[in-house]
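Subject: Structure handover

Hi,

My notes follow directly below it.

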Amino acid sequence: MRWLAAAGLAALEGLIALAYDDRGTWWHWMLHQYVGWGLGLSGAGLLAVALHRSAPKRGVPERGVPERGVPERGVPGRRVPGRRAPERRAPGRRVPAVGAMVLGQLVSIFPDLMFRFMRMPHEPWMDWWVGHISMHTGPSPLLVALLVLLFGGWGWLLATSRPRVAVLACLAGPLLLLVACLLARPIPTSLSGYPASVAGPVSR
Amino acid sequence: MIGADGSDRAAPRRERRFVAFVQVGAVLMVIGWLATGHAAAPDGGLQQVDVLSLHEQVAGVVPVHGRPTMVVLACTGTSSLPARYGVVVHRRAEPGFTDLARRLALPRASGCVAGYALVDRAGFVRYRSYDPGWARHSDEQSILLDAL
């Protein structure tokens, strides 16, 4: 059953990729999928850290040091003053990566789904869908999208083993995207606002 | 949605590998995209962004029979748009092509990088974009033309 679900998801992702490629918008596919997956992983990582921190603490004896109040081995009834056992949290709870990535992806490409299925052209307010419009004209959009994905992935991977680092990584992606969108050039409202000569070839 | 895994290593190992695989794949895809000569931000990030943000009249650009019209500047290709839309295709050999390309902010059309502008019924240019695959993208164009 799990393999069936995985195959279905892979097929769906393939269809989405083909739909973008068919319109000659592979560049847009990379931007929006990376951002969606990255933000999904960031959210999952933060949720996992929150669950980890809210888990009840429990004492675990340090190796080689008898826990305070615990009978010494081999000496029935004798208790020794040991170092206080550090409090550790219960094993972490992990938020599934695939579900989080798909959720983030749906949020990120929602304006494209509206374009395709509701025949609705893009509009500036669609920036509410995780910077769907502004990120095109922000600084280095492809690099920003890639970093959002990398930060999100690292945050998710470290969520239960290094929570503090994970929180930083999980926040870095959304913050980077926000800054990029704030720095973005607005979509031109007159023909004179378009770059007369942009370096590099135009993608197919 | 949330599943207890019991340990940091056991259950999520497959998921960890998957996330790492996606990250590596994304990096390789970006490297491949740039290494094959594609622009990091095609047309300054504005290629096929599909926002009808313009409202401007351009000399020599008029709608066909008062219908929403696509004005194409291309060296090759024919439109597959339904007949209910107006279509005008300008070829590079035509006199005034370069000047029209410049007026529509599509200067690279002179170098055979195809682009098009969409004109509403009142004769205002509402959108322009480079799109070398324009002849295959009638669905995208019809969505935009229907909104004019």
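Ser108(A) sits in helix H3 of chain A (helices, H or I, at least four residues, and strands, E, at least two, are DSSP runs numbered from the N terminus). Ser108(A) is buried, at 1% relative accessibility (buried is under 20% relative accessible area, exposed over 50%, partly exposed in between; 1.4 Å probe, protein chains only). A polar atom of its side chain lies 2.7 Å from the backbone oxygen of His32(A). Beyond neighbours within four places in sequence, Ser108(A) is in contact with His32(A), Val35(A), Gly36(A), Val130(A) and His132(A) (contact: heavy atoms within 4.5 Å).

Some ground rules. This is a predicted model, where local features need pLDDT of at least 70, side-chain atom pairs count only at pLDDT 80 or more, and totals for chains, interfaces and linings use all residues. Residues are numbered from 1 along each chain as its sequence is written, chains are lettered from A and ligands numbered from 1 in the order written, and side-chain values use heavy atoms, leaving out hydrogens and water.

Next, the cores. The largest nonpolar core has 40 residues, and Trp29(A), Tyr34(A) and Leu177(A) have the most contacts inside it (a core is a set of buried Ala, Val, Leu, Ile, Met, Phe, Trp, Tyr and Cys residues joined through side-chain atoms within 4.5 Å). H1, H2, H3, H5 and H6 of chain A and H1 of chain B each supply at least two residues of this core. H2(A) gives the largest share, twelve residues. Apart from this core lies another, of 25 residues, including Leu191(A) and Val119(B).

Now the salt bridges (a side-chain nitrogen of Lys or Arg within 4 Å of a carboxyl oxygen of Asp or Glu). Arg23(A) pairs with Asp139(B), closest N and O atoms 2.5 Å apart. That pair crosses between chains, from the loop between H1 and H2 of chain A to helix H3 of chain B. Arg23(A) is buried, at 16% relative accessible area. Asp139(B) is partly exposed, at 31%. Within chain B, Arg102(B) bridges to Asp99(B), also with closest N and O atoms 2.5 Å apart. These two are about one helical turn apart, because they are three residues apart in helix H2 of chain B. Asp120(B) and Arg126(B) form another, at 3.9 Å, N to O. Both are buried. Shared partners join Arg23(A), Arg119(A), Asp139(B) and Asp146(B) into one network.

Best wishes

Key:
A polar contact is a pair of N or O atoms within 3.5 Å; within protein, one must be able to donate a hydrogen and the other to accept it, and residues adjacent in sequence count only if both atoms are side-chain atoms.
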